[in-house]
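Here are my notes on the model, point by point. Please read them with the structure open.

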Amino acid sequence: MPLPFLPGNTPNPHLGKEKFHKSQHFEYFNGLPMLVESDKPVMGGGRLSGKKIKPLYSVHPKAGSDLPSWVAFDKQVLCFEAYFHEKVPMAQDEAYRIRKCKIYFYIEDETIQVVEPECKNSGIPQGTLIHRHRIHLPPPNDGSFYNIFHFNINQQMVFYSRTFTVTNCDSFTRNFLTKLGMRVNDPAPVPDDPFSKQREKLEESMKPLRPYERRDTLKKFLDHDGKVLRFSCIWEDPRWMNVHKGPRELVLHYYLADDTISITEVVPPNSGRLTITKFLRRSKLPKHAPAQMKQPGQVTDRTVLNVLASDSQGERFMLDNLKTGALNEEFYTDSDLVVGGTLNVWGRKVTITDCDEFTKNYYRSQYGIEGFTPVQYKAPPAPKPPKPVPPYNGFGSEEDSLSSCRRILLKPPKKDFHKFMTKDRNVLNFCAKLMTADPVDRDRAFILSFYLCDDSMSVFEQPQKNSGVLGGKFLERRRVKKPGQQLFKSEPSEYFKAQDLYVGVVLSINGRNFQLVDADEYTLNYMEQHADEFPKANTGSILSKLRSIPEGKRSEIRKFLTLSDPTNTGFIPYESFRGLLMGLDCGLSEHEALVLGRCFSEHKQPEEDVGLMLAVAQDILKRKHFERFPEMVRDFSHHDRRKTGRLSTKETRTICKAFQLPVPGNLLEGLLSKFCHGDDVDYHAFIAGLNWLENPAPPVMPEDILRFEVNPRFDGGGAALKNINYSTLLQEVFSFTSNHEDPAAIISAQDAVKVQGVKAEPYFSSGSALLLRRGELSKVFLAALRHSGDSSVPMGIGTGSGMEGGNAQA
């Protein structure tokens with residue numbers, strides 16, 4: 001039972017309140033004082049009974065878990081097509097208008113914008129009818145705003161007392177509303193606007209007094225701008241031909257951008273004419289010219305008919321829509337220009353004789369024309385009389401003296417700069433000896449260096465102990481002439497080239513005969529890689545010489561090879577192979593035999609001991625007092641972005657050069673190849689192996705250090721060849737099949753026997769001490785790997801006490 005509405009029986013609304021001030025009606029927005037709405041008209045910031053506060057936030061569908069609406073719906077707009085009915089009072093032609101517009105609803109903040117497309121000459125303000133903002137609902141719900149659920153097709157919406165009918169929407173809007181669970185209605189028809197139809201009929205019936213005809217040539221200009229056809233022409237001028245015994249030469253340019261033609265004249269030297277070469281300025285060239293001179297106003301695109309004049313109505317005239325007075329004049333186009341054709345250049349007959357390559361390609365692709373035979377209009381020029389060159393007088397170089405005979409202003413002779421840049425630092429080194437009967441000179445050793453950048457050579461004599469001959473520079477670097485040439489002659493002298501140098505050849509240098517007996521590995525590799533430049537190193541030509549051997553000698557070659565291989569392994573020594581090739585009558589030189597032996601040799605290089613390499617490197621670093629190993633590790637770790645413990649070989653080499661690691665280049669490259677896995681280097685193991693402070697290696701012999709510090713220049717010639725695979729050579733040249741087992745299988749079996757028997761071979765003759773220390777030096781390499789954390793290295797390897805065990809484990 002409720003209490004009666006008496007004093008003391010009703011609850012006190014002021015209980016628990018601490019503020020009883022009156023709400024303010026003015027606030028500052030963007031620095032300006034403005035009157036706010038009366039949402040808080042009572043004491044203490046409350047509101048009257050029945051008063052509703054407008055919503056502060058829009059209604060949005062939920063998109064994601066944490067993204068706010070202004071991020072999730074950024075740049076997403078719903079587009080609706082609509083129209084509204086507008087009355088036109090006090091108008092004779094129309095009573096109402098149907099104005100079409102588009103309603104844009106921005107989902108991020110539910111603002112609305114209404115835009116009416118502009119119509120030409122409408123006479124009414126169009127464009128943005130309602131700027132973007134939130135729009136209140138019509139009364140009595142004017143306290144709320146339009147949201148996304150108020151929009152649908154085929155319904156009416158009231159914006160500021162103006163009723164808009166939504167007729168359609170785009171595909172994005174339809175899909176968005178469908179995903180919200182709304183049922184989108186079918187599109188509604190738009191009623192016709194009677195005034196718009198009336199204007200369309202009026203515009204169709206109108207015939208303007210000055211109809212401007214527009215010819216759009218922009219596309220043709222953009223497609224063919226800068227493209228010009230060039231023709232060579234002649235004009236048979238009687239006055240010119242009587243004096244110069246020939247026609248006048250012209251050059252015709254046809255511009256494809258605007259179909260204009262310009263002609264210039266080729267004025268020959270000493271012709272007695274001024275250097276005015278313009279024959280026809282750039283313009284369109286009519287086909288039928290010259291014609292009768294036209295009167296002023298006769299040549300017009302449109303004809304003016306019935307010209308009237310009055311004081312009251314002014315001037316009036318009509319235009320000829322049938323274009324009866326227009327003159328259609330024909331101009332030359334690109335299809336009229338052919339080689340051998342004739343043009344009428346304002347009464348002068350010009351014959352086209354030839355064209356350039358661009359013009360030929362244009363006519364091939366555009367018209368399919370292939371015949372471009374030039375027109376011969378003059379006799380071929382007489383051959384120029386020879387200009388004899390005086391013989392060389394001995395002053396300066398021959399090239400310098402020859403340049404002084406060719407021009408008055410002296411210039412230095414030009415050098416082949418491209419050859420200098422591409423082949424700079426490419427030097428071919430050969431070992432040579434003197435061809436003499438003197439026993440002292442016969443034992444002298446020379447190194448002949450040929451520089452490919454300028455075809456110069458130098459000869460250096462290696463000093464020998466107790467020989468009685470001082471070594472050093474024997475020939476200064478310069479170009480060397482071939483023997484048997486006259487000194488004072490008109491023709492240029494011939495010099496030695498790179499193709500004249502090969503193993504076994506005899507060169508006459510300053511009256512001394514040198515025979516090239518060997519070449520270094522770089523020279524042999526370079527000549528084999530550039531076999532097209534060096535015929536003596538071309539394997540194909542060498543094999544073709546062997547294939548030219550008659551059938552009678554082939555069986556003898558096979559018997560000789562069989563006797564040279566009593567164990568039937570498929571390999572013979574290089575000396576026997578060389579003696580066989582040099583005894584054949586097929587014109588093979590010493591260099592060709594060497595190249596053939598390298599091609600079919602047993603490609604097995606002795607591997608260097610990693611422990612010995614690390615011991616030599618540590619000895620060099622200790623003598624150089626290099627102790628920056630922690631800094632190198634920090635730098636390696638800094639460049640290792642992925643923290644894998646590995647870097648590329650190029651980066652590792654760069655860091656070593658940055659720290660100026662005093663290790664010879666060949667030794668450094670060998671160590672990098674040993675610590676390399678694919679293309680990456682384990683830099684922890686690499687630094688640990690070089691760190692002589694933490695992982696000291698046993699002392700090494702002086703000859704071991706010299707082996708890596710001094711790089712021998714001649715290490716890849718015939719001395720490095722041991723066994724030749726003659727079975728492959730017979731199969732390649734004579735198509736013989738050897739009656740023995742697979743050489744590769746035999747070699748692999750022999751290697752297995754050597755490994756089981758722990759049969760170690762020294763690297764050179766004085767390597768007995770090295771053989772005793774190989775097990776100890778290998779421990780340095782294994783310790784470096786374990787220091788890097790490589791789990792693939794067994795802990796038991798390298799701990800043997802004996803010489804053989806250490807060798808086998810290494």
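**Notes on pockets, strands and helices**

1. Start with the second largest pocket. Helices α7 (398-406) and α8 (417-422) each supply at least two residues of its lining. α7 gives the most, with eight residues. Keep in mind throughout that this is a predicted model.

2. The volume of the second largest pocket is about 1,100 Å³. Its lining counts 39 residues, and the closest to the pocket centre are E398, E399, P413, K414 and R479. By class, the lining of this pocket divides into 17 charged, 14 nonpolar and eight polar residues.

3. How many cavities of 30 Å³ or more does the structure hold? There is one. The volume of the largest cavity is about 80 Å³. Two or more lining residues come from each of α12 (551-564), α13 (574-583) and α21 (726-733).

4. The residues that line the largest cavity are L546, I557, L561, F577, L580, L581, L584, L729, L730, V733 and F734.

5. L594 belongs to helix α14 (residues 590-599). Its relative accessible area is 4%, so L594 counts as buried, the cut-off being under 20%. L594 and Y574 are 20 residues apart along the chain, and their C-alpha atoms are separated by 9.1 Å.

6. Helix α6 (residues 357-367) has T359, K360, Y362 and Y363 buried. Why do these residues line one face of the helix? Seen down the axis of α6, the buried residues fall within an arc of 160°, so they share one face. The general rule is that an α-helix has 3.6 residues a turn, so residues three or four places apart point the same way.

7. What covers the buried residues of α6? The cover includes β9 (228-235) and β16 (348-355). After α6 comes G368, with a positive phi near 70°.

8. Turn to strand β8 (residues 162-169). Strand β3 (residues 77-87) runs antiparallel to β8, and four bridges join the two.

9. β7 and β8 form a hairpin, and two residues lie between the strands. In that turn, Y160 has a positive phi of about 55°.

10. A further sheet is open and has three strands, in the order β24-β26-β25, with antiparallel pairing. Why is one side of β24 (646-648) and of β25 (676-677) left without a neighbour in the sheet? Both stand at the edges and have a single partner strand each, so one side of each has no neighbour there.

11. Within this sheet, β24 and strand β26 (residues 680-682) pair in the antiparallel sense over three bridges. R646 has D682 in β26 as its bridge partner. When viewing side chains here, recall the general rule: in a regular strand they alternate between the two faces of the sheet.

Definitions and conventions:
Residues numbered from 1 in each chain as written. Heavy atoms only, no water. 1 Å grid on protein atoms, 1.4 Å probe; cavity = no way out; pocket = protein on both sides within 12 Å on 5 of 7 lines; lining within 4 Å. Points joined across faces, edges and corners; volume = space filled by probe spheres on them. Pairing = 2+ DSSP bridges. Buried < 20%, exposed > 50% of the residue type's maximum accessible area, 1.4 Å probe, protein only. Arc of directions from axis to C-beta. Contact = heavy atoms within 4.5 Å. Nonpolar A, V, L, I, M, F, W, Y, C, P; charged D, E, K, R; others polar.
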